Amino acid sequence: MSDSAEVLTPRSSGSQPARDGAHRAPSRADRPGRARADWRQRLEIVLLAGPAIIVFLTFVIFPVFMAAYYGFFKWKGFGVPTNFVGLQNYFTIFTDQNFLDALKHNAFIVVLSLVMQGPAAIAFALLLNQNIRGRSVIRVLIFIPYVISEVIVGTGWGLMLQYQGAVNTLLTNIGLGAFKVDWIADPNIAIWTLMVIISWKYIGFAVILMLAGIQGIPDELYEAAAIDGASYWQIQRWITLPLIGPTIRVWAFLSIIGSMQLFDLVYIIWGQYVASTAGTSTMATYMVREGRLAGNYGYGNAVGVAIFVISLVIALTYQRFVLRRDTEGALTGDSGKKHK
Amino acid sequence: MSQVALTARTASKRGKRHANASGATWGSPTTYLVATVLIALCIAPVLYIVIGGFRTNSQITVDPSGWPKPWVITNYVQVLTSPVFWQQFGNSTISAVSTTVVTVGLALMVSFVIARYKFRGRNVMYSLFAAGLMFPLTVAITPLYLLIKNLGLTNNLVGIILPQIAFALPATVIILVPFLAAIPKELEEAASIDGASRIGFFFRMVLPLSLPGVITTGILAFIGAWNGYLLPLFILNDSAHYTLPLGVQAFSSEHSVDTAAVLAFTSLSMIPALLFFSIFERRIVGGLSGAVKG
């Protein structure tokens with residue numbers, strides 16, 4: 001607390017006369033004034049930060065802890081859980097082939113999302129960053145898939161990709177009838193269909209982030225490079241790419257977390273039951289099906305905790321890995337060469 | 001530090017303005033070719049939905065990939081005159097607008113404290129919200145549903161608005177803090193010398209100066225709430241309280257044979273989010289560029 005009072009001193013010396021005048025308080029020694037300012041600051045902090053923190057703790061943190069608690073029970077969601085089963089729910093989860101399949105699908109989605117969206121998003125961002133005519137129109141149009149809801153995307157694509165739907169009819173009409181497949185139900189194809197839809201839907205977000213990153217690069221660097229006679233591609237390779245590194249890492253992090261939590265699109269297009277036979281089920285659809293829909297709330301909570309822990313481990317590993325790479329780069333090439 | 005960040009930003013902004021003043025140029029044909037292909041890929045499925053709404057079911061059955069012939073507006077009229085659509089539209093509007101306003105309001109207040117007050121626990125406060133990014137709705141949905149049920153808020157828009165605010169707060173705070181931290185200390189001192197309290201400074205200086213961040217986070221919160229599916233799916237069981245995403249899903253399973261009407265319903269439900277985003281698109285990119293720099 002003492003440091004806060006110190007910080008306040010230069011301010012309060014300036015504002016003190018005005019405040020005292022307004023309150024007509026008898027100006028006494030410095031101490032009560034400082035204490036009052038300190039108290040006032042505390043009040044302001046509580047009033048300003050309190051509501052957000054209360055809402056956040058109540059509806060985000062508290063439920064997560066409750067999930068950890070409920071996860072130890074066999075419980076149908078009525079009254080207070082009493083049937084304590086210890087870690088049995090977790091044993092069930094990690095021995096259930098359906099969950100392991102879902103986990104595998106999630107892993108596949110994580111990796112392919114990064115591989116499919118990352119390079120394309122950087123390329124699109126470079127394209128959109130050029131100061132050309134019609135740029136703002138192009139931007140708005142490219143972000144449309146990101147802005148519309150998963151339900152709309154799912155409904156629209158679901159209709160188009162039916163066996164008798166628009167995509168297959170179009171293929172037949174242009175003479176590619178041989179490529180007609182069951183995009184949604186064929187287990188060999190469904191996950192790729194999902195990947196295309198995911199990339200289509202979320203690449204706009206990646207592009208927004210990359211664009212923001214590119215626009216954060218000071219113009220002076222580009223001007224200097226242009227004076228030195230660097231070509232457009234040289235500039236992108238040696239200035240833009242390295243400098244949007246942090247943005248790329250932030251995006252990759254968000255993308256990984258998002259892929260681990262994927263629910264809406266799969267649930268809407270593949271429904272609750274088809275998803276596992278078509279090979280597109282995710283941990284989240286498994287959780288909803290086995291928890292909420294089956295009425296096993298204890299088990300559903302345990303699955304939620306499992307998803308959280310798996311995501312957390314992956315996220316922390318990623319951060320460590322990326323952080324270590326960053327430091328290696330910063331400490332010149334020496335340490336990197338030694339490892340080789 | 002914050003000073004430097006602000007100077008850098010204004011400098012780059014000045015640079016941009018200069019470039020704009022010199023006028024946008026025509027890009028190379030290759031650029032436009034790539035852009036056209038890209039746009040076609042992005043909007044074709046959306047156009048399929050919108051244009052499909054102008055066809056009849058028999059047209060769609062005969063050739064699902066065809067063009068309307070003739071164009072019919074009956075599907076759209078049918079949706080626009082149905083009270084169900086407008087009720088769900090109203091629910092979505094209430095949910096999205098209140099989520100946006102409260103989220104941005106609360107986040108501004110707490111970000112102001114984190115960015116401009118020095119006290120013990122400031123870093124803890126920031127870390128709390130940063131860690132919140134790690135707690136996605138999916139993980140918490142089951143206990144959240146139980147909590148809302150115990151509060152008696154199922155089948156009540158408040159029951160989805162409160163969690164939406166809570167889950168939108170972390171990202172909003174993380175984006176807003178750099179904006180508020182970048183406001184020069186000198187401005188605050190000047191305001192304080194002029195007799196403004198820190199709260200007065202908040203309303204008169206901070207709000208206008210952080211407007212780009214406010215708009216960015218506001219749009220993201222609005223779109224998130226407008227499009228939200230999982231939370232309403234758990235909390236709202238009564239179709240009178242459905243928001244549009246649930247409505248679209250219910251409509252498409254009830255009218256599974258009436259594809260044209262489903263397409264019309266779907267395309268009408270995406271208009272507000274699209275409109276909002278198109279108006280503010282430029283500001284979103286600008287608002288994020290301050291936040292992702294670090």
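**Ground rules**

I number residues from 1 along each chain as its sequence is written, and chains are lettered from A and ligands numbered from 1 in the order in which they are written. The model is predicted, and local features need pLDDT of at least 70, side-chain atom pairs count only at pLDDT 80 or more, and totals for chains, interfaces and linings use all residues.

**Entry: confidence in chain A**

I began with pLDDT, the predictor's confidence in each residue, from 0 to 100. Chain A averages 77. In that chain, 83% of the residues score at least 70. Helix α4 of chain A has the highest mean pLDDT, 89. Helix α15 (residues 334–339) of chain A has the lowest, 37.

Two stretches need care. Residues 1–29 of chain A have pLDDT below 50. Beyond near neighbours in sequence, that stretch has 24 contacts in the model. A contact here means two C-beta atoms, placed from the backbone, within 7 Å. Residues 329–340 of chain A also stay under 50, and the model has 2 contacts for them beyond four places in sequence. Where pLDDT is low, the predicted coordinates should not be read in detail.

**Entry: chain A overall**

I counted 15 helices and 0 strands in chain A. Of its 340 residues, 39% count as buried. Buried means 20 or more other C-beta atoms within 10 Å of a residue's own, exposed means 12 or fewer, and partly exposed is in between, with C-beta atoms placed from the backbone. I also checked contacts in chain A between residues at least 6 apart in sequence, and 67% of them join residues at least 24 apart.

Chain A is divided into domain 1 (2–70) and domain 2 (88–339). The bounds come from an automatic or database domain assignment. In the contact between them, 4 residues of domain 1 meet 6 residues of domain 2. The domain 1 side has 4 nonpolar residues, no polar and no charged. For these classes, Ala, Val, Leu, Ile, Met, Phe, Trp, Tyr, Cys and Pro count as nonpolar, Asp, Glu, Lys and Arg as charged, and the others, Gly among them, as polar.

**Entry: A:Ile122**

I found A:Ile122 in helix α4 (residues 97–129) of chain A. It counts as buried because it has 22 C-beta neighbours inside 10 Å. A:Asp96 is 26 residues from A:Ile122 in sequence and 39 Å from it in space, C-alpha to C-alpha.

**Entry: where the chains meet**

How many residues does each chain put into the contact? Chain B gives 83 and chain A gives 87. On the chain B side, helix α2 (residues 29–52) brings the largest share, 11 residues. By class, the chain B side has 57 nonpolar, 20 polar and 6 charged residues.

I followed α2(B) to α6(A). Their axes come within 10 Å and cross at roughly 85°. Axes are lines fitted to C-alpha atoms, for helices over the stretch in contact, and angles run from 0 to 180 degrees between N-to-C directions. The bands are under 35 degrees for roughly parallel, over 145 for roughly antiparallel, 65 to 115 for roughly perpendicular, and oblique for the rest. A:Gly156, A:Trp157 and A:Met160 meet B:Pro45, B:Tyr48 and B:Ile49.

Helix α6 (residues 150–160) of chain A has 10 of its 11 residues buried, so it is largely enclosed by the rest of the structure. A:Trp157 and A:Met160 are among the buried ones.

**Entry: a helix pair in chain B**

I looked up α13 (residues 244–254) and α14 (residues 259–269) of chain B. Their axes come within 10 Å and cross at roughly 175°. That makes α13(B) roughly antiparallel to α14(B). Among the residues in contact are B:Phe251 of α13(B) and B:Phe265 of α14(B). By class, the contact has 5 nonpolar, 4 polar and no charged residues.

B:Ala260 lies in α14 of chain B. It has 24 C-beta neighbours inside 10 Å and so counts as buried. Its contacts beyond four places in sequence include B:Gly52, B:Ile60 and B:Asn75.

**Entry: B:Asn155**

B:Asn155 sits in the loop between α7 (137–150) and α8 (157–181) of chain B. Its phi is positive, about 55°, although it is not a glycine. B:Asn155 counts as partly exposed, because it has 14 C-beta neighbours inside 10 Å.

Technical notes. Helices (H or I, at least four residues) and strands (E, at least two) are DSSP runs, numbered from the N terminus.
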